[in-house]
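Dear colleague,

Please find the structure below, together with a short account of what was found in it. I would be grateful if you could look through both.

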Amino acid sequence: MDLQTQIKELRNLLYFLAEKNTAIRKREELVSDYARGLEAAPKKNLPAAPVQPNAPRKPAQPKHVEADTKVHFKDFMLFSWYSFLIKAVGKKKTIKKAEEANAQLDKEYAEKMERYKKDYAQWEKDMKAYTDAYAKWQSDVKKKNDENIEKYKKDNV
């Protein structure tokens, strides 16, 4: 890569860096202006914007416990037939414990899902109310701005 190409590439990178910084600064200004606008809205006879509700988090499905009934080679070498007998005798008990643990996990997950479904249904109602309120708020702000523009035109003509 020759020197001119490198210079051109560096200028492009600087341009993108400046654009990123500008975008970040602009976003921060918009957020702060929005926050100040919410505080100042009642003072200027503008309606305050509605607040969007937070969506509930869906619970993660639990990982089931697996019953380890295999005789591992290491155990077999250390304890020979004794480990095999212990695993064979305790196999049903180990499987039963794993099934009980899995049943408990499934029960807890079902309860969490029921709670989630109720919360989600409530959130959907809240979102519908928010959407309606936001549309009304936008029309009210537009109407108020139009009134202010008309008033300004009358005063300055």
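In which helix do Asp132 and Lys128 lie, and how many residues apart are they? Both belong to helix H4, at a spacing of four residues, about one turn of the helix. Helices here are DSSP runs of H or I of at least four residues, numbered from the N terminus.

This is a predicted model, in which local features need pLDDT of at least 70 and side-chain atom pairs count only at pLDDT 80 or more, while totals for chains, interfaces and linings use all residues. Residues are numbered from 1 along each chain as its sequence is written, and side-chain values use heavy atoms, with hydrogens and water left out.

The structure holds three salt bridges (a side-chain nitrogen of Lys or Arg within 4 Å of a carboxyl oxygen of Asp or Glu):

- Asp132 and Lys128 are joined at 3.6 Å, N to O.
- Asp140 and Lys136 are joined at 3.0 Å, N to O; this pair too lies in helix H4, four residues apart.
- Lys142 and Asp146 have their closest N and O atoms 3.3 Å apart, and about one helical turn of H4 separates them because they are four residues apart.

As to accessibility (buried is under 20% relative accessible area, exposed over 50%, partly exposed in between; 1.4 Å probe, protein chains only), Lys128 is exposed at 54%, whereas Asp132 is partly exposed at 43%. Lys136 is exposed at 52%, and Asp140 is partly exposed at 22%.

Tyr134 is also found in helix H4, which spans residues 91-156.

With kind regards

Technical notes. Helices (H or I, at least four residues) and strands (E, at least two) are DSSP runs, numbered from the N terminus.
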